[in-house]
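Here are a few notes to go with your first look at this one. Keep the structure open while you read, and follow along point by point.

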Amino acid sequence: SKILGVALDPATDELFLRPSTAPPPRWSRRTLWQVVSRNYDPLGLVAPWVLLGRLLLQESWGALTEAGRRLDWDAALPQPLVEKAGRWLEAGEGEVR
C-alpha cells in the first residue's frame with residue numbers, strides 16, 4: 001500500500017522507496033531530466049541521490065558540442081557525462097527504508 005505516494009510495508013510498518021533507475025536508450029539532457037524527475041520523494045529519503053542527478057544536469061549545461069556550441073535538449077551527452085550518469089544510476093539501485 002502507499003501513503004503520500006510512498007510505499008508502505010504494513011508488516012514492518014516501514015516506508016520505503018525504490019528509486020527508478022532504468023537507464024534510457026540514449027543519454028541527452030532531456031532523458032537525464034526525465035530520470036531525475038521521475039523519482040517522487042516527498043519525505044526526502046533519496047534526496048542526496050536526487051541532488052547528485054540534478055548536479056549532473058547542471059553540469060550538462062556547460063557541455064559543448066565538437067563545434068563549440070551548447071548542446072540541445074535532445075543531443076547526445078558527451079561520453080564523460082554518460083559515464084557519470086551511469087555511475088549515478090548504479091548508486092541509486094536498491095530500496096531505501
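1. First, a word on labels: helices (H or I, at least four residues) and strands (E, at least two) are DSSP runs, numbered from the N terminus. Keep in mind too that this is a predicted model.

2. Start with helix α1, which covers residues 29-37. Which of its residues are buried? They are Arg29, Thr31, Leu32, Val35 and Val36. Looking down the axis of α1, you'll find these buried residues within an arc of 165°, so they line one face of the helix.

3. What covers those buried residues of α1? The cover includes α2 (47-60) and α3 (79-91).

4. Now pick out threonine 31, which sits in helix α1. Buried or exposed? The cut-off for buried is under 20% relative accessible area, and threonine 31 counts as buried because its relative accessibility is 15%. Leaving aside residues up to four places away in sequence, threonine 31 touches Pro24 and Arg26. As for valine 50, it lies 19 residues from threonine 31 in sequence and 14 Å away in space, C-alpha to C-alpha.

5. Follow the side chain of threonine 31 and you get to the backbone nitrogen of serine 28, at 2.7 Å. Where is serine 28? Look in the loop between β3 (14-16) and α1.

6. Serine 28 has a relative accessible area of 2%, so this loop residue is buried as well. Again setting aside residues up to four places away in sequence, serine 28 touches Trp73, Asp74, Ala75 and Leu77.

Technical notes:
Residues are numbered from 1 along each chain as its sequence is written. This is a predicted model: local features need pLDDT of at least 70, side-chain atom pairs count only at pLDDT 80 or more; totals for chains, interfaces and linings use all residues. Side-chain values use heavy atoms; hydrogens and water are left out. Buried means under 20% relative accessible area, exposed over 50%, partly exposed in between (1.4 Å probe, protein chains only). The arc is that of the directions from the helix axis to the C-beta atoms. Contact means heavy atoms within 4.5 Å. A polar contact is a pair of N or O atoms within 3.5 Å; within protein, one must be able to donate a hydrogen and the other to accept it, and residues adjacent in sequence count only if both atoms are side-chain atoms.
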